[in-house]
Amino acid sequence: MKIRVPASTANIGPGFDTVGIALNLYNYFELKESEENATLADKAFNYFYKYIGKEKPKKSVSIIKSDIPQSRGLGSSANLIIGGLVCANVFEKNILSDEELLNLACKVEGHPDNVAPALLGGMVISTMKNESCFYNRFELSEDIKFIALIPDYELSTKKAREVLPKEISRNEAVENISNTAMLISSLIQNKYEGLEMFLKDNIHQPYRKKLIKDYDLIMSLIEENNFYGGYISGAGPTIMAIASNESPMTDNFLVVLNRMNLKKLKMNVDNEGYKIL
């Protein structure tokens, strides 16, 4: 038994802690005969058995292939949590539904924005109410690609949250609400022109960009390349560009990326979520 779990990109500009999209970049998991508890996947595996009230088998979760960079804003921790929970559920002959797994994942992770798309695939709008996760899921077109521009340093979610303001103005809040609504509806309806306007955010990006080296230069390159827009993926430091599958990368774009030592990954949406192989 092997389990494949996708990466995810969250926030998507103004959709702070609310919007996440699964991407076709994966980690692969299987169970092994061991009682090690070394990873977040093992923590989730153990939590599953605590939840169902059954003694944990003498097994641990093995990450047999890892393609998702850690602490870069691509949902690596959420991926491990889903990997551990799904491994346990499959071992127990799928006694829990995906909705139950999602609520368990939220208890381990603390919020649903990455774990929901990693589990369910597609674009997921989610929220926590009364300790339960509520969500709406949509499939997105594979006509768009997501280009992750990944720096060679990590940025912890804790540090990225410490720089956020406690309050924003009413005008800023209203703009975020309208941008989020327009962003979601545009992606669902495959209306990508003007997307850069709706990726504007007032809650986290103006403050987190100070933690990302060459942020303004990277965003200007995305604009010059005529992509649909760019945003900080998750807590960063990865910056994600959204573009048409036919959009080429200009020579200047590639040269500057190499000069800044930014790794680039081209991905499409994963509309499937986890998969048992």
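Predicted model: local features only at pLDDT ≥ 70, side-chain atom pairs only at ≥ 80, totals over all residues.

**Entry 1**

Residues are numbered from 1 along each chain as its sequence is written, and side-chain values use heavy atoms, with hydrogens and water left out.

Helices here are DSSP runs of H or I with at least four residues, strands are runs of E with at least two, and both are numbered from the N terminus. Axes are lines fitted to C-alpha atoms, for helices over the stretch in contact, and angles run from 0 to 180 degrees between N-to-C directions.

I then listed who meets whom: L40, K43, Y47, F48 and Y51 of helix 1 meet E100, L101, L104, K107 and V108 of helix 3 (contact means heavy atoms within 4.5 Å). These residues divide into seven nonpolar, no polar and three charged. Ala, Val, Leu, Ile, Met, Phe, Trp, Tyr, Cys and Pro count as nonpolar, Asp, Glu, Lys and Arg as charged, and the others, Gly among them, as polar.

Next I checked helix 1 against helix 2: their axes come within 7 Å and cross at roughly 40°. Helix 1 is therefore oblique to helix 2, and the crossing is right-handed. The residues of this contact divide into twelve nonpolar, three polar and no charged.

**Entry 2: E92**

Is E92 buried or exposed? E92 lies in the loop between helix 2 (76-91) and helix 3, and counts as buried because its relative accessibility is 11% (buried is under 20% relative accessible area, exposed over 50%, partly exposed in between, with a 1.4 Å probe and protein chains only). Leaving aside neighbours within four places in sequence, E92 is in contact with F48, Y49, I52 and K54. From E92 to Y49 I noted 43 residues in sequence and 9.7 Å in space, C-alpha to C-alpha.

I traced four strands in an open sheet, in the order 7-8-6-9, with antiparallel pairing (two strands pair if DSSP finds at least two bridges between them). Strand 7 (229-232) and strand 9 (263-267) are at the edges with a single partner strand each, so one side of each has no neighbour in the sheet. The twist averages 25° from one strand to the next.

Which strands does strand 6 pair with? Strand 6 is joined to strand 8 by six bridges and to strand 9 by five. I picked out A148: it stands opposite M240 in strand 8, and its bridge partner in strand 9 is L265.

Side chains of a regular strand alternate between the two faces of the sheet. In strand 6, I144, F146, A148 and I150 point one way and K145, I147 and L149 the other, and all are buried.

Technical notes. Parallel < 35°, antiparallel > 145°, perpendicular 65-115°, else oblique. Left-handed = near helix turned anticlockwise from the far one by under 90°.
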